[in-house]
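Let's take a friendly look at how charged side chains pair up in this protein. Please have the sequence and the 3D view open as you read.

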Amino acid sequence: MAGTATAQTKVALLIANANYTAVTALKNPPNDIAILRGTLEAAGFDVSLLENATRAEMSAALGAFEEKVENADIGMVYYSGHGIEVNGENFLIPVDAALRSDRDIKYEAIVLSDVIATLSKARAFKLVLLDACRDNPFLRTMKHGLTKGVPTRGLARVDSSESNLLIGYATAPGDVATDGDGATSPYAQALARHIATPGLEIEAALRAVAKEVFEATGGKQRPFKTGSLFDTVMLGPDGTAPVVLQTEDACRDAATHWAGISATTDRALFEEHLRNFPNCAFASLARMRLASLSVDQGAGQATIAIPAAPVHESEDNVPQTECDLLASAPDDKMKIAALAGVAFTAIPTDRAVEACRTAVDQYPRTARLWYQLGRSLHKAGDYAKASEAYIVAGNYGSAAAMNGLGRLLSLLAREGRTDEFAPVLAWYQDHVAKDQAATAVELAGAFEEKAQLRRAFDMYTVAARFDEPNALYKLSWLADRGALGPRDPTLAATYMVRALKSGLLTSFQSDVWYGSPRIAEESVWSYEFRVALQKEMTSAGVYSGKIDGRLGPSTVKAVERLRKKL
């Protein structure tokens, strides 16, 4: 039941950096904040603008805005301009930044965590929107290798423990957003259209933004968000004031409703579930079931909304069940500690599936039980329901379930069935975390085996966000060969340096430098790559030999020196 709506004080800081002194200017940021300013002021926001700001001006504006936020219920920051990611940390680039080397970033740019901190005292809701994923010209000119992390295109995913905070990104982690062909960026245009729609809850508004941008860019740009929101928040006006509706447990009856419809094929029942429980634990399952029914009924490939995380955290302090005895995984950190676990090949599927279904009906918010149900269904060959169970467990924080889903998708890739599970693949790609990067590389390898290079590249890119060395090596290999477009030996060299600095030790040493048949001939790597690699290592201070493109002893020694700088 919704509580009483009350008027809220709302403040917003809109930043547009376009006229960079060291690189070509961007055309749209000033227009982006102008169109958003009109939308937000009409919705009752007190809007502050900052345009073409130096680092000192950005710092001063953030300090002043933090004071405003102290007296506000809702605080918002929107940034349009260049951004950069180094070793998982995001930075916004002021117009006076030169960034001659990666070492300069922390001194010349504004770290995103400081921007988020300015909103910490907002009483009800905090929102950060980043239209900062444009293709970054600084990367082509700066010297690399002076810090452990190598700067990359796009921004990294940020997961904050702060409640009632959402962070919206113009495109997926590591990807590049477009400045747009018109006067405003596609992201800014969609935000202005949806974010303050009267009566539209903010997460629904951001989903509408993502859909519009995805369609407007032909699928090249997919906005996403991170964060947690426990209240129903609408930024649009109610008369002249915004409202925040406090809610009770909207998910209380979700498990009961799902248990009654999960075995059906009636689309209307799943649609009803989404209307009644749009942000609860089973919403993602309902969306996938609708998508699979659309495919089965010949409607073509259905798309699926990014599943919402559950409102409540996992309840894992529950007693041992028969499901634990029959299907717990030996390496699952969430399993009952006293149990050794059951190997995947030894799961008695006839008993385990039923036992685990009973367990999740009894304890529907317990991550380990959902994971164990997923394992049982996976072993039984019911891949659709297994993927659903893995996703629920993943939503509740099960890293083991994410790895299980990755292995299931690898199996499906090798069987040529990925298209059937496209919504599952999209969800997995958006939710992979650092401790699942190695499994993402396995999935990428499965795609590569089936000559699905675009999907392989996308998964290697996901893993590379976490500096997974084998993923970085493969991206280097693909970039040097121009497997998905024009050859880019310079980018290939950058990936290779990142791979070396991220722990590509034995594999690089044995497979690449010492006697591997595919590397013994220098022609396997392009001359331009070999030269670019030597230049990268010269900039890093580990190579002082000739820039001749030869993979000789001096280059090998430079690789060893680079590793020792870890």
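## Arg414 and Glu449

A salt bridge joins the side chains of Arg414 and Glu449, with 3.1 Å from N to O. The two partners sit in distant parts of the chain, 35 residues apart: Arg414 belongs to helix α15 (residues 399-414) and Glu449 to helix α17 (residues 437-449). Please keep in mind that this is a predicted model.

How accessible are these two residues? Arg414 is partly exposed, at 40% relative accessibility, while Glu449 reaches 55% and counts as exposed.

## Two pairs that involve helix α7

Next, find Glu203 and Lys225, which form a salt bridge whose closest N and O atoms are 2.9 Å apart. Because Glu203 lies in helix α7 and Lys225 in strand β10 (residues 224-228), this pair ties together parts that are 22 residues apart in sequence. Glu203 is buried, with a relative accessible area of 10%; Lys225 is partly exposed at 26%.

Arg193 and Glu212 also form a salt bridge, and their closest N and O atoms are 3.0 Å apart.

## A network, and the total

Which residues are linked in a network of salt bridges? They are Asp480, Arg481, Arg487 and Glu528.

Across the structure there are 17 salt bridges. As a general point, side chains of opposite charge can pair when their charged atoms come close.

Notes:
Residues numbered from 1 in each chain as written. Predicted model: local features only at pLDDT ≥ 70, side-chain atom pairs only at ≥ 80, totals over all residues. Heavy atoms only, no water. Salt bridge = Lys/Arg side-chain N within 4 Å of Asp/Glu carboxyl O. Helix = DSSP H or I, 4+ residues; strand = E, 2+ residues; numbered from the N terminus. Buried < 20%, exposed > 50% of the residue type's maximum accessible area, 1.4 Å probe, protein only.
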